[in-house]
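Me: I would like to learn how to read a few features of a protein model. Could we start with exposure and salt bridges, and then go on to the surface and the pockets?

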Amino acid sequence: FEVAHYSTGYLAGDVLLRPPGSDAIVRMRLLDFDQILPAPEPFDPRRPTVLVCFPFVAVGGAEKLTLDVLERLRARFEFVLLTVEPPDPSLGSMHEAFRRIAPKFYIAPNFLHPRLTTSLATHLIREYGIETLFVANGSNWFYDALPALRARFPSLRIVNQVFDHTYGWINRYSPDVSEWVDAHAAPNAAIAEAYRKNGVPASKVHVIHHGIDLTDFDPAAYDGARRAEARRKLGL
């Protein structure tokens with residue numbers, strides 16, 4: 001569609017669209033997020049609020065590790081979750097597990113054009129009084145939106161984590177990213193060194209090794225029936 005006319009003369013935010021090659025006019029209404037999303041219920045003011053961002057929540061190591069961290073910190077922080085890319089059904093989903101910890105979970109592709117993701121993030125940061133943005137697993141949206149987020153929220157603390165020192169999101173690093181991000185979390189020494197080679201000051205690099213709850217893998221927790229069910233599901 002091409003925009004035929006934009007006016008506030010009918011209803012505030014009216015947009016008149018003309019399909020290509022047609023004289024027909026379609027009227028649409030553009031609404032601000034404040035008019036669409038319900039006003040958030042206030043969080044406990046004694047606890048800081050963190051926006052946790054993923055591309056999507058699959059069944060994977062990054063998601064499981066972050067879920068464990070949020071589980072252990074939920075008594076000290078409030079969490080709002082945001083995913084910004086369409087989920088891949090073949091990778092499974094951990095949405096329900098995350099919702100039990102953070103009911104305020106926004107799956108942007110379910111209701112939003114990709115170009116409005118930054119607008120949604122801005123709305124969430126403002127409405128929930130978010131103090132920290134934690135990017136648990138990177139996305140193109142995050143690196144593209146960094147300049148706008150930093151300009152709009154100069155006091156927002158931004159924490160970014162990557163999962164490989166050679167491939168993936170480490171290749172989006174630049175001197176600007178180093179400056180705009182307040183803390184760069186590295187699960188191992190190789191990633192910490194990759195940060196530094198990409199211009200991140202050592203004072204901003206934080207090596208935080210991933211912790212695994214070994215009780216999840218305790219053989220005593222798996223009786224014969226549970227092992228048989230696992231074998232059935234896996235086709236073993």
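Reply: This is a predicted model. Start with R157: its relative accessible area is 44%, so the residue counts as partly exposed, the class between 20% and 50%.

Me: Which side chain meets that of R157 in a salt bridge?

Reply: The partner is E131, with 3.4 Å from N to O. This pair links distant parts of the chain: E131 sits in the loop between α4 (117–128) and β7, and R157 in strand β8, 26 residues apart. E131 is also partly exposed, at 37% relative accessibility.

Me: Where do R232 and E229 lie?

Reply: Both are in helix α8, 3 residues apart, about one turn of the helix. R232 is exposed at 57%, whereas E229 is partly exposed at 33%.

Me: How many salt bridges does the count come to?

Reply: The count is 12. K64, D68 and D216 are linked in a network of them.

Me: Which residues form the nonpolar patch on the surface?

Reply: I212, L214 and F217 form it, with about 370 Å² of accessible area together. F217 is in the loop between β10 (205–207) and α8 (224–234), and is exposed, with a relative accessible area of 58%.

Me: How is empty space found?

Reply: A probe the size of a water molecule is rolled over the atoms to show where space is left. Here the largest pocket holds about 680 Å³. It is lined by 30 residues, and V69, L73, F134, V159 and I208 are the closest to its centre. Helix α2 gives the most to the lining, 8 residues. The lining divides into 17 nonpolar, 8 polar and 5 charged residues.

Terms used:
Residues numbered from 1 in each chain as written. Predicted model: local features only at pLDDT ≥ 70, side-chain atom pairs only at ≥ 80, totals over all residues. Heavy atoms only, no water. Patch = residues over 30% accessible without salt bridge, like charges linked within 9 Å, V, L, I, M, F, W, Y side chains within 5 Å. Areas by Shrake-Rupley, 256 points an atom, 1.4 Å probe, with all protein chains shown as cover. Salt bridge = Lys/Arg side-chain N within 4 Å of Asp/Glu carboxyl O. Helix = DSSP H or I, 4+ residues; strand = E, 2+ residues; numbered from the N terminus. Buried < 20%, exposed > 50% of the residue type's maximum accessible area, 1.4 Å probe, protein only. 1 Å grid on protein atoms, 1.4 Å probe; cavity = no way out; pocket = protein on both sides within 12 Å on 5 of 7 lines; lining within 4 Å. Points joined across faces, edges and corners; volume = space filled by probe spheres on them. Nonpolar A, V, L, I, M, F, W, Y, C, P; charged D, E, K, R; others polar.
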